[in-house]
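I opened my notebook to go through one structure and jot down what I looked up.

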Amino acid sequence: MIKNNKKSFFDNNGYFLLRKLFSDRECKKLKLEINRYFKLPLKELKQNDINFRTFVEPDGVTKNKKFWKIIFNKKMLSAIRSIIGNEICYTQHSDLHINLGAGKYHRDNAFRFFNVGPDWNEEKDQYKVLRVAIYLSDYQKSGSSLIVFPYSNKKETFLSRIEIRLWNYIRLFWSKRFNKNFLPHFFFSSKTVNLKHKAGDCIIFDQRMIHAGGVVNGVLPKYSIFLSFGAKNNLHTNNHHKYYLSRPTYLRNIPSELKKRLKDSKLLLTSKKI
């Protein structure tokens, strides 16, 4: 798929599926590194080995040198540039996940209510901040997927807003009594797409798009790595970065070696020029 098609699809839907960013061999190596990070056995784990437990490390990519190479993946960066332009930067909103799924419907940006707050004001700068979800597990073996609401970064109906609240309330009620990862997602008032990814696939989406992790009920755990990139010298990029750095789980000062590599690769975040 050529670059213009990536941008066209993204502009019309708010997301883009990039197939096979990593090979099966690369996925296996990254899963073992994630196991090492969480002090789990260095082997291919089955769900019975960890009893469907969830492991999450906010800003895990930034914190761990073993994962820095992902930030500089040429195929991924090429896709990002084709969507939001050549001048991009790493915005640090990164995570390492095992079995994180079946969550509520939500957005990942700072101001999550549709059309309320600076994220929705594009008079000075277009909103060009992307979430990059890399999946190391196959839907067929883990059951994991990503449910997305196409174009919800640009449009939201009153009815769908009410339905989102209803389903999120039901999911909260369910999660207090049962395993949340076994409750499937339903929706009736807006179109949704269930992206049943394969190992190595990457989903790039507008941080403002409504989405949810799919069920995790397979034989093998679900592994994923999340990152964030934005357009340089963009108010929304800087605002997004500041929002996540206000959380205690994110590094306020990235390692100097990583900072140098980002600078050398022209991926270092710089302040908006007024």
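Predicted model: local features only at pLDDT ≥ 70, side-chain atom pairs only at ≥ 80, totals over all residues.

**Entry 1: salt bridges.** How many salt bridges does a search of the whole structure find? I got 14.

I started with Lys 63 and Glu 57, whose side chains meet in a salt bridge at 2.7 Å, N to O. Are the two partners buried or exposed? Lys 63 is partly exposed, because its relative accessibility is 31%. Glu 57 has a relative accessible area of 17%, and the cut-off for buried is under 20%, so I logged Glu 57 as buried.

**Entry 2: two pairs that span the sequence.** Next I looked up Asp 95, which forms a salt bridge with Arg 131; their closest N and O atoms are 2.7 Å apart. Asp 95 sits in strand β4 (residues 95–98) and Arg 131 in strand β5 (residues 129–135), so this pair ties together parts 36 residues apart in sequence. Both Asp 95 and Arg 131 are buried.

Then came Glu 156, in a salt bridge with Arg 107, with 2.8 Å between the closest N and O atoms. Where do these two lie? I found Glu 156 in the loop between β6 and α8, and Arg 107 in the loop between β4 and β5, so the pair connects parts that are 49 residues apart in sequence. Glu 156 and Arg 107 are both buried as well.

**Entry 3: cysteines.** How many disulfides does the structure hold? My tally is zero. I checked Cys 27, which is in no disulfide: the nearest cysteine sulfur belongs to Cys 202 and is 11 Å away. Cys 27 is buried, at a relative accessible area of 2%.

**Entry 4: a sheet.** I turned to an open sheet of three strands, ordered β7-β6-β9 and paired antiparallel. Which strands are at the edges? They are β7 (193–195) and β9 (211–213), each pairing on one side only. From one strand to the next, the twist averages 20°.

As a reminder to myself, strands of a sheet pair through backbone hydrogen bonds, either parallel or antiparallel. Here, β6 (residues 146–148) and β7 pair in the antiparallel sense over three bridges. Within that pairing, I noted that Leu 146 stands opposite Leu 195 in β7.

**Entry 5: a nonpolar patch.** Last, I looked at the surface. Which residues form a nonpolar patch there? They are Leu 166, Tyr 169 and Ile 170, with about 310 Å² of accessible area together. Leu 166 is found in helix α8 (residues 158–175). I classed Leu 166 as partly exposed because its relative accessible area is 47%.

Note on methods
Residues numbered from 1 in each chain as written. Heavy atoms only, no water. Pairing = 2+ DSSP bridges. Helix = DSSP H or I, 4+ residues; strand = E, 2+ residues; numbered from the N terminus. Axes fitted to C-alpha atoms, helices over the stretch in contact; angles between N-to-C directions. Patch = residues over 30% accessible without salt bridge, like charges linked within 9 Å, V, L, I, M, F, W, Y side chains within 5 Å. Areas by Shrake-Rupley, 256 points an atom, 1.4 Å probe, with all protein chains shown as cover. Salt bridge = Lys/Arg side-chain N within 4 Å of Asp/Glu carboxyl O. Buried < 20%, exposed > 50% of the residue type's maximum accessible area, 1.4 Å probe, protein only. Disulfide = S-S within 2.5 Å.
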